[in-house]
Amino acid sequence: MSSRRDRQVTAVLGPTNTGKTHLAIDRMLGHASGVMGFPLRLLARENYDKVARLKGAGQVALITGEEKIVPPRARYFLCTVESMPLDKPVAFLAVDEIQLAADPERGHIFTDRLLHSRGFEETMFLGSDTIQPLLKRLVPEASVISRPRFSTLSYAGAKKLTRLPPRSAVVAFSAAEVYGLAELIRRQRGGTAVVLGALSPRTRNAQVEMFESGEVDYLVATDAIGMGLNLGLDHVAFARLDKFDGYAYRRLRPPEIAQIAGRAGRHMADGTFGTTNEQGAIDAETVEAVEAHAFDPLATIFWRSRDLDFASPEALLKSLEARPERRELIRVRPPEDQQALAALLRDPEVRELAGNRGAVRLLWEVCQVPDFRKILSEQHSRLLGQVFRHLMRAEGRLPEDWVARQVERIDRVDGDIDALVARIAHIRTWTFITHRADWLDDAPHWQEKARRIEDALSDALHERLTQRFVDRRSAMLSRRLRSGESLVSAVRRNGEVLVEGEHVGRLAGFRFEIDRSIEKHDAPAVLTATRRALQEEMPRRINRLEADDDGCFRLESDNGVSWRGAPVGQLAKGDSPLRPRVVPLDSEFLDGRARERIRARLQNWLNRHLRNRLALLYDLESAALAGAARGLAFQLAEALGVLPRGRVAAQAAALERADRKALQGLGVRLGSASLYLPGVLSPPMQRFKAQLWSVWREREVAAPPSDRVALPAPADWDEATAHALGFRLCGEAPGGTGGRRRGRSAGPDRGDQAQRLAVRVEALEKLSTTAHKHAPLAADRRLAAACGLREEELPAALRALGFRPQPAARGERTGETTGATAGPETPALWAPKPRREPQRRPRKRKPAEAASPFAALAELKPRRGR
């Protein structure tokens with residue numbers, strides 16, 4: 001592009017949202033040809049699409065480092081500033097965001113365009129007012145047009161992140177901070193879009209589209225949003241006010257705050273800016289400057305010589321380090337390309353290959369390949385060295401097989417967000433290389449392949465970002481609830497509750513369980529939205545419950561009643577252990593009549609279920625018996641199948657032979673120690689009876705282990721509990737204290753008592769039969785084995801049966817259970833405790849009457865022995 005001065009140079013300056021870009025495009029399209037340079041590839045692409053729609057794709061070109069669309073008869077070129085075709089004369093030329101000439105990294109590029117690039121009819125520079133004085137000194141022929149902001153930007157102070165209004169952007173300055181903020185907003189507000197400088201344009205556009213379409217109401221971003229992204233933002237909140245600029249952490253300058261905050265409020269809509277509570281407030285002086293857009297003007301901008309000497313590598317480095325002649329210009333710190341050149345020249349082979357002017361020029365072109373990973377690592381330098389060597393040794397072309405291996409390593413979409421971001425940065429470097437058509441034999445093929453890979457990676461990255469930071473259901477509900485719109489709700493047959501087609505919870509039985517991901521402050525509105533659908537569903541559910549067969553109900557281990565797997569009721573204490581009640585679970589969607597219908601159906605099922613499981617007890621209770629037999633049957637059923645014989649000895653003794661036969665026919669065993677029903681003593685029956693006893697006693701009662709014949713009785717077992725579970729309580733368990741614990745005062749506390757032994761009623765009955773048959777007998781191993789007990793458990797069990805130890809006489813046989821003669825250390829024998837005969841008192845005789853013939857006999861005294 002010619003460096004001659006044009007007839008008209010205009011600087012259109014002002015804050016964001018002043019329509020500068022729109023004006024420049026309008027002016028360009030009024031000329032026969034034109035070029036516009038933008039600071040970002042994204043902006044170049046956005047405005048290319050806009051101009052292509054107006055003029056037709058055949059007249060519009062797009063040139064960026066990674067993308068070139070140049071029709072043969074293109075008249076308008078939309079480019080990044082670095083990619084502007086400097087050798088092409090055009091009628092109109094414009095550079096956007098010209099104040100970036102003060103940027104330490106890229107400022108020298110913008111300065112070069114400001115000083116040397118012109119359209120032969122019109123040139124326009126767009127940017128901030130801060131560059132106006134300096135621009136007037138460097139380009140004195142330029143006329144300045146100041147554009148006021150269309151809308152007002154005002155400070156709103158600090159707010160909690162969770163209290164930010166919808167259509168807000170939260171700004172941070174590192175990927176880690178952005179991800180952390182996005183996670184929090186997802187939990188609180190359903191989701192957020194994410195914009196980072198490291199995203200590809202395709203990913204960034206997809207994220208922005210979610211925000212613009214209203215799918216999410218929040219955006220978390222780095223300062224990448226401050227440059228040209230036209231968003232429907234109402235508020236911008238700074239989560240941080242300092243950033244790392246590549247050299248050190250520093251405070252944001254007021255113009256930088258204004259550039260980012262200015263994204264709030266577009267066209268005629270006012271906007272606000274502020275901070276999050278964690279960051280704290282912005283000082284009053286900065287707030288005033290941002291609101292008034294009044295900043296200190298730029299005093300200097302960055303510069304690098306465009307007159308490069310390619311005679312040798314040393315000459316090139318020296319020309320890059322030339323100093324500017326004007327005090328307004330500062331030589332830029334070595335940019336990436338210059339750092340890459342210095343790194344490559346440390347390689348002797350590269351230095352040797354760069355032995356002529358053409359080789360030095362090629363080396364410099366290779367150094368222009370950007371490191372989109374922004375790490376300037378040895379890995380990037382090694383890649384550039386390989387590119388240069390191949391170009392020097394293969395007739396200026398990169399080998400196809402080598403390019404294929406490099407590209408194919410990146411062609412994969414697995415991994416997390418960071419892995420995808422790294423691959424996108426890598427493929428963007430290769431996209432740049434493939435657009436050097438003079439370096440590849442089949443450049444269009446490699447351009448298409450690189451574009452396809454970048455698109456696939458971009459789509460995968462957008463999907464990962466959306467999965468991690470957007471809960472689509474919560475976002476939709478939150479948005480609709482705040483808008484005050486009525487919501488359509490429904491209940492599926494499987495119990496899933498939907499609002500506007502989104503899952504919000506489940507109807508478990510007759511209770512609505514709201515999804516745990518719905519925030520507490522949104523729950524009342526969700527309940528309101530679902531109430532109508534749930535109230536319509538309840539009558540249908542009750543009808544289904546009443547019509548279902550008994551197989552659809554189940555008694556759960558926690559004493560709850562479930563219907564088709566959903567909890568609907570709970571057992572409660574009834575008139576007896578065999579007659580618990582069912583109480584329907586509470587539900588705000590059931591009235592009294594509905595609850596009674598549910599209760600009646602559940603109670604009918606439970607009654608049948610208990611009768612089926614405990615038929616022996618129910619048959620015993622309702623048997624046609626009379627007298628003592630009827631009383632015994634009733635007590636045995638109430639006790640769930642076990643009674644100590646001693647407690648009902650009088651009634652048992654009063655049984656007639658027919659009564660005994662009737663009870664035996666009902667499954668009752670009339671033992672010497674207990675009366676019991678063997679049919680209800682199996683482990684499954686014990687577990688079931690433990691449930692019923694828990695309900696009756698209104699406390700947890702655990703079923704005993706099924707593999708234990710005897711065990712130390714749990715502290716909360718009393719006689720009735722032991723009987724209900726098929727056990728009898730005996731004396732002190734082996735290893736017991738035998739009395740109160742030391743250091744404890746006397747009192748009724750059960751914990752101070754010796755632990756008792758609980759023995760299964762069948763084992764105790766077997767021991768009773770054997771002991772009575774062979775008494776006196778020794779409590780030895782053979783007796784224990786015969787009854788299923790341990791030897792040390794026998795004394796307590798025998799005492800409970802009324803046996804007591806008595807010393808065995810020397811030489812006396814111990815009984816048939818041992819078959820041995822007692823020796824010198826023969827253990828005591830056990831025999832039933834002797835019954836005490838009641839002492840008879842002498843009968844008092846009435847004194848005989850005097851007239852009676854017995855009166856004389858009464859006076860006679862017996863004679864003492866002779």
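**Reading the model**

Author: Begin with the inventory: the protein has 29 helices and 35 strands. Helices (H or I, at least four residues) and strands (E, at least two) are DSSP runs, numbered from the N terminus. The model is predicted, so local features need pLDDT of at least 70 and side-chain atom pairs count only at pLDDT 80 or more, while totals for chains, interfaces and linings use all residues. Residues are numbered from 1 along each chain as its sequence is written, and side-chain values use heavy atoms, with hydrogens and water left out.

Reader: What percentage of the residues of the protein count as buried?

Author: Buried means under 20% relative accessible area, exposed means over 50%, and partly exposed is in between (1.4 Å probe, protein chains only). Here 49% of the 866 residues count as buried. The protein exposes about 43000 Å², of which carbon and sulfur atoms supply 49%; such areas come from the Shrake-Rupley method with a 1.4 Å probe, and for residues only the protein chains shown count as cover.

Reader: How do I read a strand, and which residues of strand 7 lie on each side?

Author: In a regular strand the side chains alternate between the two faces of the sheet. In strand 7, Glu122, Met124 and Leu126 are on one side and Thr123, Phe125 and Gly127 are on the other, and all are buried. With 6 of the 6 residues of strand 7 (residues 122-127) buried, this strand is largely enclosed by the rest of the structure.

Reader: Which strand pairs with strand 7 over 4 bridges?

Author: Two strands pair if DSSP finds at least two bridges between them. Strand 6 (residues 92-95) pairs with strand 7 in the parallel sense over 4 bridges, and Leu93 stands opposite Thr123. Strand 1 (residues 9-13) also runs parallel to strand 7, joined to it by 5 bridges; there, Ala11 stands opposite Phe125.

The path from strand 6 to strand 7 goes through helix 3 (residues 107-116), a β-α-β crossover that is right-handed. A crossover is right-handed if, with the strands pointing away from the viewer, the path from the first strand over the helix to the second runs clockwise.

Reader: Is helix 3 largely enclosed or largely open, and what does it pack against?

Author: Helix 3 is largely enclosed by the rest of the structure, as 9 of its 10 residues are buried. Among them are Ile109, Phe110, Leu114 and Leu115, and also Asp112 and Arg113. For packing, contact means heavy atoms within 4.5 Å. The buried residues of helix 3 pack against strand 6, strand 7, helix 4 (132-138), strand 17 (301-303) and strand 18 (329-331).

Reader: How many residues has helix 6, and how far does it reach?

Author: The expected span of a helix is 1.5 Å times one less than its number of residues. Helix 6 (residues 201-212) has 12 residues and reaches 16 Å from first C-alpha to last, close to the 16 Å expected. Its buried residues include Pro201, Arg204, Val208 and Phe211. The partners of the buried residues of helix 6 include helix 2 (41-55), strand 10 (168-171) and helix 16 (443-469). Just after helix 6, Gly214 takes a positive phi of about 90°.

Reader: How many aromatic pairs does a search of the whole structure find?

Author: Rings of Phe, Tyr and Trp (its six-membered ring) pair if their centres lie within 6.5 Å; planes under 30 degrees apart count as stacked, over 60 as edge-to-face and the rest as tilted. The search finds 7 aromatic pairs. In one of these, Tyr155 and Phe273 have ring centres 5.3 Å apart and planes at 50°, so the pair is tilted. This pair links distant parts of the chain, with Tyr155 in strand 9 (residues 153-159) and Phe273 in strand 16 (residues 271-276), 118 residues apart. Tyr155 is partly exposed at 23% relative accessible area, and Phe273 is buried at 0%.

Reader: Which residues is Val60 in contact with, leaving aside its neighbours within four places in sequence?

Author: Val60 lies in strand 3 (residues 60-63) and is buried, at 0% relative accessibility. Its contacts include Tyr48, Val51, Ile69, Tyr76 and Leu78. Val60 and Tyr76 are 16 residues apart in sequence, with their C-alpha atoms 4.8 Å apart in space.
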